[in-house]
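Hi,

Here is the structure I promised to pass on. Have a look at it first, and then read on for what turned up.

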Amino acid sequence: MGVYHRIYGGLIAAISLLLPLFLFPHQSVASARNSSSSSSGGGQIINSNSVLVALLDSHYTELAELVDKALLLHTLEDVVGTHNITIFAPNNRALDRDLHPDFKRFLLEPRNLHSLQTLLLFHVIPTRLNSADWPAAHHSSSHRTLCRDHLRLGRHPSSGHMVVDGSADVLREDDVVRPDGVIHGIDRLLVPHSVIDDFNRRRNLRSISAVLPTGAPEVDPRTHRLSKPASPVPKGDLQSPTIFDALAPGPSLAPAPAPGPGGPHHHFDGEAQVKDFIQTLLHYGGYNELADILVNLTSLAGEMGRLVSEGYVLTVLAPNDEAMAKLTAEQLSEPGAPEQIMYYHMVPEYQTEESMYNAVRRFGKLRYDTLRVPLKVTAEEADGSVKFGEGDGSAYLFDPDLYTDGRISVQGIDGVLFPPDESPKNETAKPTARPAKVVAKPRRGT
């Protein structure tokens, strides 16, 4: 009898375990997935029927592309893991044709990544709001978005159509409905006031930095010297033009235009501009080592800020992280070695990728002054780009115009530059190879 009780008891226990699998297969599989995910201890796993997956596969392609560029997928995944969300998705026409080109260019610049993220999070509410939950006519409701600003939902007073923030009409109610959220299609982009302020601030700075300040010295394009101010002309007399005014000057060989010196009054906030371009390097990626040297290992960031505040302009040849990783401990251990290396990568001119490339195409090879006086860095055309340095220690222009604001220009290069005398490979060839090159250089200018 004891044996039979054991057999029947085992069968009853097995049937009690397998019966839920046949009766409630979906619940059992879901519980098994939840238990496995909780036991593994991993992060949030997005289901294929999530509203985020639906957004990326929907016809809102422009919005999905902006979300990807703003690096917001992980942030939205964490939100979906804990909340249901409501997304107000502008259609492609609102983002492609109706958006002002200057504002779109502002959003896509790497240094304005925070503004782009704020703009996109302004379209997401961490609660589920279907069309049935919309406030009735002549009523409105305010909801907090993921960027901590508030959106006001209501209806059009005459037509009764659903309206978001008083300006955007809802064209597609409940366009995409998923278990963890809903998407409503709207006819325009929602812009918070903080992003508008950032855009106006950038535009005003650009317009100010593009205007030549009053009293700036004028350079004669023929002699490259400061032109003397013209003698005052009495009232009523006609000023006779000089013969040089009738001559048509050749193509401009000057560097890219930049404002003149600011004088002792510090009209330019150099420290803010240096901080801005360092943040741009960090947001762009691949230049963290250079930013660390400028801010933490040296005081070059403060020195650059003072120079820009006094009216000077700078072009920084910025080696990327891969190039900085090749520096040895001996090259950085000597006192003042990081400063000397960085000084050799700073040109006291305002140059852009276009101005440098046009110059090397016309002259073949140029030498730019550096802040490591009196050393100069050479530049020449190679493979449709600009190559700096000579021999094995050369570097190519890799990321052009990383930052250009009219006073500071940052050009990314793929190597660390050293003066020819400091390169150990060039010391043995110096007595034989250098004289021939030095004799050949003056012939190009003749």
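Which backbone oxygen does the side chain of His-123 reach? The backbone oxygen of Leu-119, at 2.8 Å. That is a polar contact (a pair of N or O atoms within 3.5 Å; within protein, one must be able to donate a hydrogen and the other to accept it, and residues adjacent in sequence count only if both atoms are side-chain atoms).

Before going further, some ground rules. This is a predicted model, where local features need pLDDT of at least 70 and side-chain atom pairs count only at pLDDT 80 or more, while totals for chains, interfaces and linings use all residues. Residues are numbered from 1 along each chain as its sequence is written, and side-chain values use heavy atoms, with hydrogens and water left out.

Now the overall picture. The chain has 19 helices and 14 strands; these are DSSP runs numbered from the N terminus (helices are H or I, at least four residues; strands are E, at least two). Of its 446 residues, 36% count as buried. For that word and its relatives, buried means under 20% relative accessible area, exposed over 50%, and partly exposed in between (1.4 Å probe, protein chains only). The accessible surface of the chain comes to about 27,000 Å², and 55% of that belongs to carbon and sulfur atoms. Those areas come from the Shrake-Rupley method with a 1.4 Å probe, and for residues only the protein chains shown count as cover. As for contacts (heavy atoms within 4.5 Å), take those between residues at least 6 apart in sequence: 65% of them join residues at least 24 apart.

Back to His-123. You'll find it in the loop between helix H8 (113–121) and strand S2 (124–125). His-123 counts as buried because its relative accessibility is 2%. Leaving aside neighbours within four places in sequence, His-123 is in contact with Thr-86, Ile-87, Phe-88, Pro-90, Ile-186, Leu-189 and Leu-190. Take Phe-88 from that list: in sequence it is 35 residues from His-123, yet C-alpha to C-alpha they are 5.2 Å apart in space.

Phe-88 also leads us to the nonpolar cores. A nonpolar core is a set of buried Ala, Val, Leu, Ile, Met, Phe, Trp, Tyr and Cys residues joined through side-chain atoms within 4.5 Å. The largest one has 45 residues, and Phe-88 and Val-164 touch the most other members. There is a second, separate core of 28 residues, which includes Leu-290, Met-304, Ala-323 and Leu-402. Beyond four places in sequence, the contacts of Val-164 include Phe-88, Trp-134, Leu-151 and Ile-186.

Next, the sheets. Strands of a sheet pair through backbone hydrogen bonds, either parallel or antiparallel; two strands count as paired if DSSP finds at least two bridges between them. Within it, S4 (residues 150–155) and S5 (residues 162–164) run antiparallel and are joined by 3 bridges, with Leu-153 standing opposite Val-164 in S5.

Further along, S10 pairs with S11 (residues 376–382) in the antiparallel sense over 5 bridges, and a hairpin of 6 residues joins the two. The bridge partner of Tyr-368 in S11 is Val-377. In a regular strand the side chains alternate between the two faces of the sheet. In S10, Leu-366 and Tyr-368 make up the covered face, while Lys-365, Arg-367 and Asp-369 make up the uncovered one.

Last, the charged pairs. A salt bridge here is a side-chain nitrogen of Lys or Arg within 4 Å of a carboxyl oxygen of Asp or Glu, and the count comes to 10.

- Glu-390 and Lys-365 meet at 3.9 Å, N to O. Glu-390 lies in the loop between S12 (385–388) and S13 (395–404) and Lys-365 in S10 (residues 365–369), so the pair ties together parts that are 25 residues apart in sequence. Lys-365 is partly exposed, at 27%.
- Arg-201 and Asp-198 meet at 2.8 Å, N to O. Both lie in helix H9 (residues 193–209), 3 residues apart, about one turn of the helix. Arg-201 is exposed at 52%, whereas Asp-198 is partly exposed at 22%.
- Asp-96 and Lys-104 meet at 3.8 Å, N to O. Asp-96 is partly exposed at 42%, as is Lys-104 at 26%.

Cheers
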